[in-house]
Amino acid sequence: MNKGLQKIYSEIPKRYELINHLLTFGADIRCRKKAVEFAIDRDGAVRSGEAQKGDGVTWVDICSGTGETVMNLSKQADEKTTVIAADFSLPMLNIARSKPEAKKINFVLTDARNLPFADNSIDLITISFATRNLNTNREILINTFAEFQRVLKPTGRFINLETSQPPDRFFRKLMHLFVGITVRRIGAALSGSKPGYVYLSHSIPRFYSADELSTILNEAGFSKVSYKRLYFGFMAIHKAEM
Ligand SMILES: C[S@@+](CC[C@H](N)C(=O)[O-])C[C@H]1O[C@@H](n2cnc3c(N)ncnc32)[C@H](O)[C@@H]1O
């Protein structure tokens, strides 16, 4: 388990959401909603696979943090669907649990790299703005995605929302400049935690392009991978299936 990251997330939960909304001008909120739309699209794949077998349906939001994505997900869930928020930071999960919408959600304190779920038991996994945290290196990220695949049913789906690299050189440079100037200063000033936002300003420009992340998902064993770029490619949503 990454104790350094766990410490960072124990220092920032109170203003975590506000800082994200300010730094992205609210785009993070729209992207999380979009990711949930992608997760539960018109073909209803994550529901129908289960309905045929008559089991319950289980959706897990991994690295759920203060729960913004899982709350969106929970709004789409019917009474037969179990919705789980998983994270290794108790302070982050405690913020999520304090929200009125949390009543319908189950909370699990766990490392994303070693999930406490049975093989082939989950219909949908979502993750938002946390894959950079799991990317200690390329090999570890591939192993983590393979762990997601282990717990997903063969009909299951993985949705990954993360910052990405705009394909256009001008927008890429602009994004790196903006992140370099604002994230560290505004994040540290508002949260009171310098390491958290130094980490963020370092990890965003170094993260994979949408194509590179697709290759990594393929290498982890997902055969059907597609993505949609958002905001000139500053963010991307990947959909991966077996
Ligand atoms: C940037 S926040 C994202 C939170 C939320 N998904 C969102 O959209 O705002 C990253 C979250 O990932 C969690 N996290 C980082 N590494 C983790 C790991 N190895 N296992 C479980 N949770 C982890 C942190 O505790 C933190 O809550």
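## A tour around the ligand

Start at the ligand: the shell around it has 9 nonpolar, 7 polar and 5 charged residues (Ala, Val, Leu, Ile, Met, Phe, Trp, Tyr, Cys and Pro count as nonpolar, Asp, Glu, Lys and Arg as charged, and the others, Gly among them, as polar). Before you click further, note that this is a predicted model, in which local features need pLDDT of at least 70 and side-chain atom pairs count only at pLDDT 80 or more, while totals for chains, interfaces and linings use all residues. Residues are numbered from 1 along each chain as its sequence is written.

**Stop 1: the ligand shell.** Select the 21 residues that surround the ligand; the closest are Cys-63, Gly-65, Ser-89, Ala-112 and Ser-128. A residue belongs here if its C-beta atom, placed from the backbone, lies within 6 Å of the molecule. Helix H1 (3–11), helix H5 (68–75) and helix H7 (131–134) each give two or more residues to this shell. Helices (H or I, at least four residues) and strands (E, at least two) are DSSP runs, numbered from the N terminus.

**Stop 2: Cys-63.** Now pick Cys-63, in the loop between S1 and H5. This residue is buried, with 22 other C-beta atoms within 10 Å; buried stands for 20 or more such neighbours, exposed for 12 or fewer, and partly exposed for anything in between, with C-beta atoms placed from the backbone. Cys-63 has a positive phi of about 55°, although it is not a glycine. Most residues other than glycine have a negative phi.

**Stop 3: the strands.** Select strand S1 (residues 57–62) and S2: they run parallel and are joined by 6 bridges (strands pair if DSSP finds at least two bridges between them). Val-60 stands opposite Ile-84 in S2. Of the 7 residues of S2, 6 are buried, so this strand is largely enclosed by the rest of the structure.

**Stop 4: helix H6.** Which residues of helix H6 (residues 90–97) are buried? Highlight Met-92, Leu-93 and Ala-96. Seen down the axis of H6, these buried residues fall within an arc of 95°, so they line one face of the helix; the arc is that of the directions from the helix axis to the C-beta atoms.

**Last stop: confidence.** Color by pLDDT, the predictor's confidence in each residue, from 0 to 100. The protein averages 91, and 94% of the residues score at least 70. Over residues 48–52, however, pLDDT stays under 50. Where pLDDT is low, the predicted coordinates should not be read in detail.

How values were computed
Contact = placed C-beta atoms within 7 Å.
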